[in-house]
Amino acid sequence: MTFAAQILTLYPEMFPGPLGISLAGRALEEGKWSCGPIQMRDFATDKHGSVDDTPAGGGAGMVLRPDILASAVDHALEQQPGAPILAMTPRGKPLTQARVREIASGPGVTILCGRFEGFDERIFDARPIEQVSIGDYILSGGEMGALVLLDACIRLLPGVMGASSSGDDESFETGLLEYPQFTRPQKWEGRIIPEILRSGDHAKIAAWRKQRAEEDTRLRRPDLWEHHRDAPDQSPSGTQGQKKEDRT
């Protein structure tokens, strides 16, 4: 089944963009996913193709009109009624790897890209749209966020990364940052690959990696560490086990 991506945007020429090369590009050529940018100006009601207007109450910038947005969203719903609709906005809920896995396991996604000062809030009351943020910073528009979201999903599609377990140990899959990686040369600028990784003892290597993942998460992302400590053990496939006993 092809994962179908619809992108509602004022700049359809930005897609597939970087998703047309490397793993995502090859998957696109092989039909594992499809890219369907939709020009929101096509749903404008005047000869100028206007999609925005001044903010109610005053202020700088322009706001995307709800009537134009609704027409574009309704069209997307007709094309792909089973796909979730996500709006890229800094006011949205932070995107997580767990949510990415949920989206990637479905038929596709419709992404609404903001511009200017953002969306008229009424669109979120009137249509089933999930507001999503990729980080605490501001971009020129939602297109870059859409590319990030799609890249995260596409790499999880069957056959895109090769081995089905390729992403299991990556950061966020188990609630932790990934352990550090090394490769040849064994010695570089006086720095040597940790001896344990050259030992051939897979049990000890696994224990070392787990310990480093926990240490790095605790030091670099205390927010993730606190959540990890309080959550049940969970494998990358989503199977939950017993609640953690070690509170150190």
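Q: Which side chains meet in a salt bridge with an N to O distance of 2.9 Å?

A: Those of Asp-223 and Arg-221 meet at that distance, where a salt bridge is a side-chain nitrogen of Lys or Arg within 4 Å of a carboxyl oxygen of Asp or Glu. Before going further, please note that this is a predicted model, in which local features need pLDDT of at least 70 and side-chain atom pairs count only at pLDDT 80 or more, while totals for chains, interfaces and linings use all residues. Residues are numbered from 1 along each chain as its sequence is written, and side-chain values use heavy atoms, with hydrogens and water left out.

Q: Are Asp-223 and Arg-221 buried, exposed or partly exposed?

A: Asp-223 is partly exposed at a relative accessible area of 47%, and Arg-221 is partly exposed at 30%. The cut-offs are under 20% relative accessible area for buried, over 50% for exposed, and partly exposed in between, with a 1.4 Å probe and protein chains only.

Q: Where do Glu-214 and Lys-210 lie?

A: Both are in helix H6, residues 202–220, four residues apart, about one turn of the helix. Helices (H or I, at least four residues) and strands (E, at least two) are DSSP runs numbered from the N terminus. Glu-214 has a relative accessibility of 22%, so it counts as partly exposed.

Q: Switching to Asp-120, what does its side chain pair with?

A: Asp-120 forms a salt bridge with Arg-122, and the closest N and O atoms are 2.7 Å apart. Asp-120 is buried, with a relative accessible area of 16%, whereas Arg-122 is exposed at 55%.

Q: What surrounds Asp-120, and where is it?

A: Asp-120 is in the loop between S6 and helix H4 (122–126). Leaving aside neighbours within four places in sequence, Asp-120 is in contact (heavy atoms within 4.5 Å) with Val-63, Leu-64 and Pro-66.

Q: And Arg-127, what does it touch?

A: Not counting residues up to four places away in sequence, Arg-127 touches Ala-70, Val-73 and Asp-74, and its side chain is joined to that of Asp-74 by a polar contact of 2.7 Å. A polar contact is a pair of N or O atoms within 3.5 Å; within protein, one must be able to donate a hydrogen and the other to accept it, and residues adjacent in sequence count only if both atoms are side-chain atoms. Arg-127 is found in the loop between H4 and S7, and it counts as partly exposed at 24% relative accessibility.

Q: How about Glu-143: buried or exposed?

A: Glu-143 has 0% relative accessibility, so it counts as buried. This residue is found in helix H5 and, not counting residues up to four places away in sequence, touches Thr-9, Leu-10, Tyr-11, Met-14, Phe-15, Cys-113, Gly-114 and Arg-115.

Q: Which residues have the most contacts inside the largest nonpolar core?

A: They are Phe-3, Trp-33, Ile-111, Leu-150 and Ile-154, in a core of 27 residues. A nonpolar core here is a set of buried Ala, Val, Leu, Ile, Met, Phe, Trp, Tyr and Cys residues joined through side-chain atoms within 4.5 Å. The elements giving two or more residues to this core include strand S1 (3–9), helix H1 (22–29) and helix H5 (143–154), and H5 supplies the largest share, seven residues.

Q: What does Ile-154 contact, leaving aside neighbours within four places in sequence?

A: Ile-154 is in contact with Leu-19, Ala-24, Ala-27, Trp-33 and Val-160. Apart from this core lies another, of 20 residues, among them Phe-43, Leu-69, Val-73 and Ile-123.

Q: Last one, for the whole chain: how many helices and strands are there, and what share of residues is buried?

A: The protein chain has seven helices and eleven strands, and buried residues make up 38% of its 248 residues.
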